[in-house]
Amino acid sequence: MIKSRAGLFTTTAALLFMPSLAFAAPPEVVVSIKPIHSLVAAIMKGVAEPSLIVEGAASPHTYNMKPSNARALEHADVVFWVGPGLEAFLEKPLDALAGKAKVVELEDAPGITKLPFREGGAFEAHDHGEHEHDEHAEGEHHDDHGAEHAEASGEEAGHADEHHHDEHGGTDMHLWLDPMNAKVMAGAIEATLIEADPANAARYKANAKALDDELTALDKEIAETVAPVADKPFIVFHDAYQYFEHRYHVRVAGSITVSPETMPGAERVSQIHAKVKELGAACVFAEPQFEPKLIKVVTEGTDAKSGTLDPEGGAITEGPELYSTLLRGMAKSLADCLSH
């Protein structure tokens, strides 16, 4: 009996330490921003936790890479990001550091809905005096609310956004704010993880199915939450909400700035102040990552209330629940502010 146990121990030890029979570790997955990280974390639940680059209340519009981010990219097997039009800071680090990783640009996921930047009128034009953008004159943005989007002329936006417009086809990159796009991205994430880690394919598939069901229910819930206030115009800090607007038919009447990297000048603030009064805009929304004093300036002397929208989840703890919390919070903020 003793001999048998000893033999069993020897055999077991040999199996444990034979490299050819060792279990492969799950892939090292790195994700750029919180909303996408949430989708990836939901699909990887029970397997491993992906790393996040833009943490806390930081914004991809103004982010600077940290040494820990560089290390994560060097060890990554898979990297998920939206694309260079949003996370421009990642372009060079991905080339330099993530050589062995499969890099997935989710703006290219098959079936995703893309909307162009809207410029001019109540949405600040990208004009630096270097060249004219006549094609962005009054009336370019076609939607149900037409007229109010195409009045006052805009002024300058940030150089970064102009670069993105010229180099990346002018796509609005806040793709995740439509849950139908989140479904498409989740499908691409699932397929990538299964290819990278077939041993956990069943878990990825089950998690992706649960996420898809959750997004279906979330979409219905948000539509019901914002429906009573959908016809009330409001102003946002920067033009990040097109996808939410188109999905739920809410009435975004303009933005204080297109480019959060560059604060608007006095003329632009004056234009938006006049716009708030002219439209009788019910609310002007700040964002947690950016200067809130502007909101007070553009609402001064008007009946507009102020609120906060958080399109990137800056004030929300990262993880699988963040995406639903983000969308639900936006819908509640809109309903609360616009219903008074």
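**Figure 1. The glycine that follows helix 9.** Helix 9 is followed by glycine 280, whose phi is positive, near 65°; helices here are DSSP runs of H or I with at least four residues, strands are runs of E with at least two, and both are numbered from the N terminus. This is a predicted model, in which local features need pLDDT of at least 70 and side-chain atom pairs count only at pLDDT 80 or more, while totals for chains, interfaces and linings use all residues. Residues are numbered from 1 along each chain as its sequence is written, and side-chain values use heavy atoms, with hydrogens and water left out.

Figure 2. Helix 9 spans residues 266–279, and its 14 residues reach 20 Å from the first C-alpha to the last, close to the 20 Å expected at 1.5 Å a residue, where the expected span is 1.5 Å times one less than the number of residues. Arg268, Val269, Gln271, Ile272, Lys275 and Val276 are buried in this helix, a term that means under 20% relative accessible area, with exposed meaning over 50% and partly exposed in between (1.4 Å probe, protein chains only). Seen down the axis of helix 9, these buried residues fall within an arc of 160°, so they line one face of the helix; the arc is that of the directions from the helix axis to the C-beta atoms. The face turned away from the buried side carries the exposed residues Ala266, Glu267 and Glu278. The cover over the buried residues of helix 9 includes strand 7 (233–238), strand 8 (251–257), strand 9 (283–286) and helix 10 (293–299), contact being heavy atoms within 4.5 Å. Isoleucine 272, found in helix 9, is buried with a relative accessible area of 2%, and its C-alpha atom is separated by 9.5 Å from that of threonine 257, 15 residues apart along the chain.

**Figure 3. Packing of helix 7 with helix 11.** Helix 7 (residues 201–226) and helix 11 (residues 322–338) pack at an angle of about 10°, with their axes 9 Å apart; axes are lines fitted to C-alpha atoms, for helices over the stretch in contact, and angles run from 0 to 180 degrees between N-to-C directions. Helix 7 is therefore roughly parallel to helix 11, the label given to angles under 35 degrees. Among the residues that make the contact are Leu215, Leu218 and Ile222 of helix 7 and Leu327, Ala331 and Leu334 of helix 11.

**Figure 4. The enclosed helix 2.** Ten of the ten residues of helix 2 (residues 34–43) are buried, so this helix is largely enclosed by the rest of the structure. Its buried residues pack against strand 1 (29–31), strand 2 (51–52), strand 3 (78–81), helix 6 (179–196), helix 7 and helix 11.

**Figure 5. Surroundings of aspartate 172.** Aspartate 172 lies in strand 6 (residues 171–172) and counts as buried at 1% relative accessibility. Leaving aside neighbours within four places in sequence, aspartate 172 is in contact with Leu115, Pro116, Phe117, Asp239, Gln242 and Tyr243. The C-alpha atoms of aspartate 172 and leucine 115, 57 residues apart along the chain, are separated by 5.7 Å.

**Figure 6. Histidine 249 in its loop.** Histidine 249 is placed in the loop between helix 8 (242–248) and strand 8, and counts as partly exposed at 49% relative accessibility. Phi of histidine 249 is near 60°, a positive value in a residue other than glycine. Most residues other than glycine have a negative phi.

Definitions and conventions. Parallel < 35°, antiparallel > 145°, perpendicular 65-115°, else oblique.
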